[in-house]
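Morning, everyone. Please bring up the model, and we'll go through its aromatic rings.

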Amino acid sequence: MSRNVVAAVANVVLLVLLLPGAILGYNVDTQQPVVRRGFGEDSFFGFSVAQYRDSTDSWMVVGAPRDNTTTLSNQDVSRPGAVYKCGVSQNSVCEVIDVDTDISDSMNLAETRAERLNNQWLGSSVATAEDGPIVACAHRYKTNEGGNRKLYIVGNCAVLNQNFSVEYQRRSCSLTSKCQTGTSAQVSQDGDVLVLGSPRRNLGQGLAQLFETDSDYATTMGKVNGSANSDYMGNRILRSTV
């Protein structure tokens with residue numbers, strides 16, 4: 001796999017250019033649409049959606065960042081959010097994906113698991129690549145490593161394999177930064193590069209950071225920083241298909 005940062009940035013577009021005359025259309029089935037709905041009130045089901053295809057099936061990966069119906073909700077966690085995989089045929093259903101964005105308790109963190117996961121907005125962004133990784137983020141995940149009770153909204157993302165199992169987690173900032181990593185996320189078309197947006201980093205200057213996806217180590221391939229406060233670099237990331 002190439003480590004060329006320029007090629008990676010070209011594959012994952014950080015800015016959208018509106019070109020006059022470049023208009024494409026597509027048909028929407030209005031007679032027999034496939035409709036999917038959330039399982040709880042005020043779950044924000046459909047807040048983020050990504051298409052995914054493995055060797056045998058096609059799926060919709062759907063974020064419901066205010067979901068309160070999963071097993072996490074039975075652990076005294078309030079509205080942790082959820083991510084679902086939904087079939088695309090008329091008779092298929094949606095199933096919750098077991099995604100845990102929590103950092104290991106072995107780090108001796110001061111706050112409780114519930115405090116870290118409350119209102120974390122799991123599913124605020126999802127991203128996929130065909131036969132590649134699936135990424136699900138909770139941009140309001142909270143923690144700290146300072147030994148006090150002050151919570152920092154650092155954000156965290158889980159990287160899943162083709163079996164919808166979590167392989168590892170990824171974030172762009174330390175545990176005492178208000179980065180909100182995962183406000184946006186994308187995977188390159190070949191599945192080799194993960195890009196995470198952290199728009200609240202450094203007084204809102206923001207950061208978009210590129211990682212290798214084939215390693216559970218945080219191997220950074222490049223980054224783009226905002227240049228002024230309130231730039232919010234990384235608030236949205238789009239992928240090019242050209």
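Start with a definition: buried means under 20% relative accessible area, exposed means over 50%, and partly exposed is in between, using a 1.4 Å probe and protein chains only. This is a predicted model, where local features need pLDDT of at least 70, side-chain atom pairs count only at pLDDT 80 or more, and totals for chains, interfaces and linings use all residues. Residues are numbered from 1 along each chain as its sequence is written, and side-chain values use heavy atoms, with hydrogens and water left out.

Now the pairs. Rings of Phe, Tyr and Trp (its six-membered ring) pair if their centres lie within 6.5 Å; planes under 30 degrees apart are stacked, over 60 edge-to-face, the rest tilted. The whole structure has 7 aromatic pairs. One of them is Phe47 with Trp121, edge-to-face, at 5.4 Å between centres and 85° between planes. Phe47 is partly exposed, at 45% relative accessible area. Trp121 is buried, at 18%.

Next, Trp59 and Phe164. Their centres are 5.7 Å apart and their planes at 75°, so this pair is edge-to-face. Both residues are buried.

Phe39, Phe45 and Tyr84 form one aromatic cluster.

Last, charges over rings. That requires NZ of Lys or CZ of Arg within 6 Å of the ring centre and within 35 degrees of the ring normal. Which residue lies over the face of Trp59? Lys85 does, at 4.9 Å from the ring centre. Arg170 lies over the face of Phe211, at 5.4 Å from the ring centre.
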